[in-house]
Every structure is written in structure tokens, then in C-alpha cells.
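Let's take a walk through this structure together. Have the sequence and the model open side by side as you read.

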Amino acid sequence: MFKKYLRKLTPYLFITPHLIFFTAFLAFPAFYGIYISLHKWEPLSFNKPFIGLANYQKLFTSGTLQNRYFWNALVNTLQFVIFSVPALVLIGLLLAILVDSKIKYKGLFRSIFYTPVILSVTSVTLIWMWMLDSQTGLINYFFNQLGLESVAWLSRETPAWISLVVTTVWWTAGHNMLLFLAGLQDIPQHLYEAAKIDGASIFEQFWYITLPSLKPTTLFVTVMTTVASFNVFGQPFMMTQGGPGRSTQVAIMYIQQEAFTNYKMGSAAAMAIVVSLFIIIIGIFQFKIMSSDVKY
Amino acid sequence: MRKRVKVSVFLVVILLLTTGSVLAEEITLDFWNGFTGPDGTGMGKMVEEFNKENEGEIEVEMQVMQWGTYYQKVVTALSTRSDSSPDIGIMHVDRVPEFASKGVLLDLDQVVADLGWSKDDFSNSVWDAGIYEGNRYGIPLDVHPLTMYINKDLFEEAGLDPEDPPKTPAEFMDAAAKMTKDTDGDGEIDQWGTAFPPLWPGPEFILPTLLRQFGGSFLNEDGTEVVVDSEESIAALEYAVDLVHNKGYSPTDIQQDGEVTLFRQGRLGMHLNGIWMISGFKDQEGLNFMSYPVPRMGQELAIAGNSHNFVFFRKAGNSEAEFEAAAKFVKYISNNSDKWATFGQIPARNSVRDTQAFKSLEHQASIAQEVDSVVFPPKHPIASSILTPYYEAVNLAILGQEEPAAALKDAAEAGQMALDEYLQTQ
């Protein structure tokens, strides 16, 4: 009797450690965030009155500061997602195929491509800021050597976006490479052997075997990269400070400003909830399109 | 078994020691600040000396963190109203109204009276800056103004006297013009007279300096209207834009700290940045530089700056004895702040600025000549929310992406929206 009971309990015991951390660091803060967003929440004020949906209303009423800056920041974030996600997924896949093929020094290349991932955002942005500097940067030096005009990489809108995306790709593509590499190594070799016997070219093999087999990995990588790109903060915060003006200010930057410069925690929490709704909707959308025949 | 005896003896000794100190009623004060550079090392030494002098009575425990996270941590600690929140803190003088208006700072009028300090002991503006709505909440430790760093070699090359730096608008323009040139003959300017960067410290220090020099201000007298789109303010911004884009005496599109790199490389004649850069520039090999007060570029001399102030935080169990201990500590540090100056700042107290020790600090003493012209950001609980749109307008105008007048009009509107929202809830 007791044994049977224990056996039933076992799976729950296995998930308990994770459940504790999940509750403490994810579920609780998320619900607490919703609670805060319904209040006028200023950290140093004793009174934190309930104000219903007023914080949300401000976001959707034109003429308020929040309305003016939040949607600008959200559109900027969407732009970043649209520019960076395809690049991160494709380059991650290409690198994985490269280091999975029969080249020399495979291990060395794998390490080189992965190394940037372990750097902190501060180091990465500092390195790129020095290279991208308008007057003294390495990149403009090469441009000048090639007879090209210097570019103000971080203070014009278009070059600033390019710089942010390139920096992000350099920094995090290695992570996607690792995931794709694991996916590639899971594909059974006999599929390729059979295809070769049937006379399939390299590209046909890639198209009909590699890509379909990688579908679950690709779905996972795309969704995770999208979520990560939505949460972009460090790169624009350090490199452009949201400039010129507010043209590269992303959602998390504005939320951080509202919370820690203006000390309007309630309003900031409301914005965070709206952003996460966007992420959820886009995530569902991606799953719908890509997972029609994915089996786990 | 033997080991166990040893351990328990050890524990008993520890117990006796700790209760012993409790009996002596040593007061422990938590002192938080953001002095992460050499200034923190200096402050740490002063705290150590203070603790040695007051052994058994007062123990100050200093915690240092980045300024950026410091304010967030202070806010978090104070919001819980717990015992773990700090007793003493350092606060930039422009942040004092924000915290004072929330009632988390202690009124220091009595401390100042007990110490026998008055306005005459401090440089003018800094003394008044720590007062909010009639009460004193901040005791100034130092003043850190915008500073003009000059490259002596470039001055001499251009036929200028590095011992006699520009002081008037005409002299400043003339020097800037003479040092802007193409040194390698490729047809492009690669050495500049000065630099007005569109990012820090441009919008936060350089433009506010110009704004005040041209006679403008951020808020009207009674603090109900944002006036950053006034004629004076537009004139100040147009002056900067003209210097960058039409005269070309400053590089365009400077990135964060790009002008610092240029100055370090010896390609910038007059560099405007905070006084805190001195020690970094001293470490730069082959950089022959000197520090001077920022010259007059408009009608009257004014130099934007800030000041580190001591504040006492309100806590649940604030006792009289703790308050007195904190006051003793502040007096000790203030009296010895000439030591502090060696780490880059100008002491707020006149008597300390007059000491031989301070006067022997070539750079600091030179900058301190104009300490009475230092002006501070507007005194308002939501100053940062009001000023952020102004900083963006300056950024866009100096980049040449918006006209000064239009950008400032937007900034005044956005700032006014933030101010109105605040005034409604008062």
C-alpha cells in the first residue's frame, strides 16, 4: 500500500526542485507583476492605492507620455526582432553545418564560434563600441583605407540598427549553432546513405533530409531567439542609449526608465505585461505555422 | 571528543566577545555610497581612520556600489523600511528633493547648528542646494563641476599660451579655430579645437552650462512651467550646433566617450568633461594636459556641476545616540576632506579649500578658482523626468537631425506633461 503510494509520488518528487524555483522566481513574480500593475506603486510612498486599469488606460490613450514613448519603444523592439531573428537563426544553422562537416580543426572552430556567447554584454558592447567609433574606430579606418566615407555607426538611425544587429549576431549566434549542431548529430546517418544510393545531390540531401529532421530544433531555436530578441536591453542601453533621440529605445529600456528613473512601478509593470502578451501571441503564431507535423 | 571540547570553548569565547561588545553599546552605522573609483579607496581609508579613533564606540561600515545601481538599491532598501537599510548615504544634490519629498531623509538643520556651520563656511550655491522646502537634508562634501582640460602641446603648436587659457567667448572661439586642422594633409580635419558630444556629458553638463551662461533656466520661478524652449535656451543650443556643424570646430556624430579617446590621443585641444577625469588623464602616458575652469561662452559665467552630499536615512529604530554618532562621522569626514580632494574632487568647505594640502593639488586648485560660479540642476522632486526630454532634444540637435527650436519645443511639451502629471497628484 505504502509502496504504491510512494511510486505515485515519485514523479512529483522529481519535479519538486524545479517547481520550487519556478514558483519563486517565475510564477510568483509574474502574478505579483499583474498585481503591481493595478496599483499606483511608487516604492518610497507608503500608500500604494488600487487604481484598476488606469495604468493600462494611459498606454492606450493618446496624449500621454506613456502612450507616446511606449509604442515607439515597442515598434523599435519589433524592428529589432524582425532584423535579428532571421539572421541569428540562419547564421546559427550555417555555422552548425560548417563545424559539423569534415573540415580540419573542427573543435577549434566550434570553440571560436561559441566563445563570444560566454562574454558579458558589457564586454561585448565595449569591444564593438571601440571598433565602431566615428572618429577613432577600426571599422571606419578600414572604410577610409578602401576610399569609403566614414560612417557614424551609432548616431544615425539606420547604421545604428545595423550595428546593434551585427553585435547581437556576433555575440549570440554561437548559442544557436550549438543547438543546431546537437540537432544535426541526431540525424541518423543511414538516411543520407539511402539518399546517396538513390542518387540525391548534396542540396537534395539538405532539403529533403537535413531540414525536415531539424524542424523541431528550428522551431525551438526560432521561438527562443524571438523571446530573447524581444528582451533586448544591454546592447542599445550601452551602445546607443536609445539614440539618436529615442529611435533605438527598446521596450525594456523604456520600462526600466519608467520604473527606476520615474519610479512608476505600476505603470512599468503594466507595460511589461503588454510586452509579454505580444511575445506570447507571436510565440503561439510561430508554433502554429511551424509545428504542424513536428513530433517530439 | 577532544575536538568537541575545543570547539565549544571557542564558541563560548566568541559568545563572550560578542556580548561584551553589546554591553559596551558600540553603535554600528551602515554607510552606503557609489564611490567605486579611486575616490572609494580614499573614502575607505578615512572611514578606517575614523573607526580607529572611535574604537569601541562607533563602527562605520561602508558599502560601495555603482552609482547607477546605488539609487535603485537605496530605494529598495528604504521601501522595506527594514533594519538592513543604510543609516548614512551619499547623494547627488539634485537627487535630494526627490528623496526628501518622500519623507525618507532626516532633517539636518539641528546637526548643522550643533556643528556650528553656516553658509559662510561653504561655497555659495552648494550650501543652498541641499535645502528643500526650507529644511536642510544634505550636507555638501564636495563640488564636481564641468572642467576644461587643455592639451598643452596643441596650445603651443597653435601659438597659444597654455598658462593663459581662454576665458571669454572670443578667446574660446579663437583657440578652437586655431587648433582645428588637417594634420596629415589628406584634406580631412583630424584634429579639433573642442568637442560638443551629443551623448554624456553633452546634454547633461555642457548644454546646461551654455543654457545658464546664455541666461536661461529649466523651470520658471515657482516650478510650475518647463521653460527649456525659451529664447535663451534656443540661443544656447544654436551656439553649440553652429560650432559643430557650421564652424566645424568639434567633430560631428561623436559616440559615447569618443571625444575622450580623441583627447587621450592628442587630437583634441580643449576637452569639456567632469572633474572626475583628472586621475584617468594623469595615467595616460605622454598626455601633456592642464585643467581649468570652463570659460565664459555666453553673457555670464556659469558652470554646471553636481555635489556629493551626506544624507541621513529615516529608519524604524533611529535613536538619538545613532543620530549623534552619524553627525560625528560627517564632521570628521568634512574636516578631513582635503585628503578626499586628492582623489579628484573640490571640497565644499572653504576652510578646506584654503589649506596648503589642497592648494598643492595643481589641477583641482586650478578648477576651484571658479567654484562660486558652479550651478546645479533644478531643485525638483521629479527633475530627472522633466530633464530627460531636454537631453534627447540636445542629442538630436547636436547630431544635426533636428532644428534646435523645434527640438526644444518638443522637449518643453514632454517635460510639461510629466510636470503636470506630478502637480495633479500633489
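Where the two chains of this predicted model meet, the contact draws on 20 residues from chain A and 28 residues from chain B. Sorted by class, the chain A side of that contact holds 8 nonpolar, 10 polar and 2 charged residues.

Now turn to chain B. The C-alpha trace spans about 85 × 55 × 45 Å along the principal axes of chain B. Does that fit a globule, or what would one expect? For 426 residues, a compact globule would have a radius of gyration near 22 Å, and the 24 Å of chain B agrees with this. Of the 426 residues in chain B, 47% are buried. Among contacts in chain B with a separation of 6 or more, 76% join residues 24 or more positions apart.

Back in chain A, an unreviewed UniProt entry lists "transmembrane region" for residues 12-35, 78-99, 111-131, 160-182 and 268-287. Two of these stretches are worth a look in the model. Residues 78-99 of chain A are 100% helix and 0% strand, with end C-alpha atoms 31 Å apart. Residues 268-287 of chain A are likewise 100% helix and 0% strand, and their end C-alpha atoms lie 29 Å apart.

Finally, find helix α12 of chain A, residues 251-260. Because 8 of its 10 residues are buried, α12 is largely enclosed by the rest of the structure. The buried residues are A:A251, A:I252, A:M253, A:Y254, A:I255, A:Q257, A:E258 and A:A259. What do they pack against? Their partners in chain A are α3 (65-100), α11 (234-239) and α13 (265-290).

How values were computed:
Residues are numbered from 1 along each chain as its sequence is written. Chains are lettered from A and ligands numbered from 1 in the order in which they are written. This is a predicted model: local features need pLDDT of at least 70, side-chain atom pairs count only at pLDDT 80 or more; totals for chains, interfaces and linings use all residues. A residue is buried if 20 or more other C-beta atoms lie within 10 Å of its own, exposed if 12 or fewer, and partly exposed in between; C-beta atoms are placed from the backbone. Helices (H or I, at least four residues) and strands (E, at least two) are DSSP runs, numbered from the N terminus. Two residues are in contact if their C-beta atoms, placed from the backbone, lie within 7 Å. UniProt positions are given in the numbering used here, feature names are shortened, and annotations may be inferred rather than shown by experiment. Ala, Val, Leu, Ile, Met, Phe, Trp, Tyr, Cys and Pro count as nonpolar, Asp, Glu, Lys and Arg as charged, and the others, Gly among them, as polar. The radius of gyration is taken over C-alpha atoms; the globule rule is 2.2 Å times the number of residues to the power 0.38.
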